Amino acid sequence: MDDRTGATKITVSSAEQSAYRGGTALRRRFPTIDYLRRHARRHIPNFAFEYGDGGAGTDKGIARNWAALDAVELVARYGVMPALPPVDVELFGRRYAAPLGIAPMGGPALIWPGADRYMALAAQAARVPYVLGTVGGLAIEEAAAIAPDVLWFQLYRMARNDHALGFDIVRRADAAGAHVLVLTIDVPVRTTRPREVVVGLGGGKFSPDLRMIIDMLRSPGWLMALQKNGHPRFANLVSYAGENASVNDVIAFARSEMGGAFTWDEIARFRDRWKRPMVLKGILHPADAERAVSLGIEGIWVSNHGGRQIEALPASIDVLPAIAAQVGGRASIMLDSGVRSGTDVVRALALGAHAAFAGKAFLWGLGALGADGPQHVIELLIDETKAALGQIGAHLPAEARSVVIRHPGALAFPK
Ligand SMILES: Cc1cc2nc3c(=O)[nH]c(=O)nc-3n(C[C@H](O)[C@H](O)[C@H](O)COP(=O)(O)O)c2cc1C
């Protein structure tokens, strides 16, 4: 196995660290994540927006995630909250500034060139978890240099040659100091996202047609970011794809290596190798959560992949209470799929999660604000989380669990 990482030495300039010019003006233009989404649609090339925003089928899974979160009501208690509560939490033995983080994403640099780097910088500055994806645009070593205190790493299944590539990437994640390994188990098959297909991104390679080129020319900010950051690339796989591999060679290599979802036996083998905390992402059934915990997995990530796999999956918030009841005392529970506000974060905490993650919210931030987007999204989410906890009378994130909740969609599993 080729041992080279392809990573160059990373330095983070102080100008970059303090580039965010947030504050009042940004708050006024983009007071919530929904405003960022609306602006992103106009600010970046159409194919980029469609790639990040679209789901499986007719987006009904995405709509269900949003509706299910919206339907959760929390009954406030008053007379107990003289000041905004602190929101810092401990996850897997480390302290983070808030019970929220950035979910792993492949190809975010399509939404905004340099996206991975900007998300890593923002997460490190705010001290919230940043999960780099196998098919993200930063090499693990680069991400560790930018975000040493908050880096988690997500792995897809690459089973050829008895998992040689997967094991080597895990070795690199360990050497780079990633704090948590996340195995994604909910992509057993490649499904179709029609909005991505019709804009020309469905064929497994990036070859812009006239329509796409016109879209790019209409988005000068995006083009400048492309010039500055270079073409999006699967940075963790480049070094394995051969000398001088082009962007499309690396995409073809990734598609040939990745496939299927981890079996329980395979999960056990990764568990044996990885000595730090490990999380399974994509759990929707309490019995699967139980099985994971029985293998020594410390974290259960409840997710339906943000509605990007198939539309028939339940909203993750609706299966959360049953999973929390099953394993909440023995594992840390993460939730994603549909989180668009700090209020959603608090809904997840109230129903048994230890932290909530967002994917598309960060893409909308990038699409609307470019490099400044991730930090603005984190600030909105943290402030809204504090406000929602304060409103319901919870002095700490964990106290959200004591409130009375109406949750019409909660799924009951047969015993
Ligand atoms: C563009 C995009 C790419 C994604 N790529 C990955 C990936 O490579 N690995 C993974 O585990 N999840 C991936 N996801 C799923 C996210 O980690 C997360 O589960 C989902 O976005 C959460 O839902 P939300 O977008 O409604 O917040 C991706 C999501 C998006 C939007």
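**Around the ligand: a short tour**

Hi everyone, let's start with the residues that form the shell around the ligand: by class, 8 are nonpolar, 10 are polar and 4 are charged. Please keep in mind that this is a predicted model.

Which of the 22 residues around the ligand come nearest? They are Pro104, Thr184, Asp336, Gly338 and Gly359.

In Asp336, a polar side-chain atom sits 2.6 Å from an oxygen atom of the ligand. Pro104 uses its backbone instead: an N or O atom there is 2.7 Å from a ligand oxygen. Then find Lys281, where an N or O atom of the side chain lies 3.0 Å from an oxygen atom of the ligand. And how much of the ligand does the protein bury? On its own the ligand exposes 600 Å², and 97% of that is buried by the protein.

Now for the helices. Helix H4, residues 46-53, and helix H17, residues 360-369, each give at least two residues to the shell.

H17 packs against helix H18, residues 373-392, at about 130°, and their axes are 7 Å apart. That angle is why H17 counts as oblique to H18. The crossing of H17 and H18 is right-handed.

How values were computed: Residues are numbered from 1 along each chain as its sequence is written. This is a predicted model: local features need pLDDT of at least 70, side-chain atom pairs count only at pLDDT 80 or more; totals for chains, interfaces and linings use all residues. Side-chain values use heavy atoms; hydrogens and water are left out. A residue is near a molecule or strand if one of its heavy atoms lies within 4 Å of it. A polar contact is a pair of N or O atoms within 3.5 Å; within protein, one must be able to donate a hydrogen and the other to accept it, and residues adjacent in sequence count only if both atoms are side-chain atoms. Accessible areas come from the Shrake-Rupley method with a 1.4 Å probe; for residues, only the protein chains shown count as cover. Helices (H or I, at least four residues) and strands (E, at least two) are DSSP runs, numbered from the N terminus. Ala, Val, Leu, Ile, Met, Phe, Trp, Tyr, Cys and Pro count as nonpolar, Asp, Glu, Lys and Arg as charged, and the others, Gly among them, as polar. Axes are lines fitted to C-alpha atoms, for helices over the stretch in contact, and angles run from 0 to 180 degrees between N-to-C directions. Angles under 35 degrees count as roughly parallel, over 145 as roughly antiparallel, 65 to 115 as roughly perpendicular and the rest as oblique. A crossing is left-handed if the near helix is turned anticlockwise from the far one by less than a right angle, and right-handed if clockwise.
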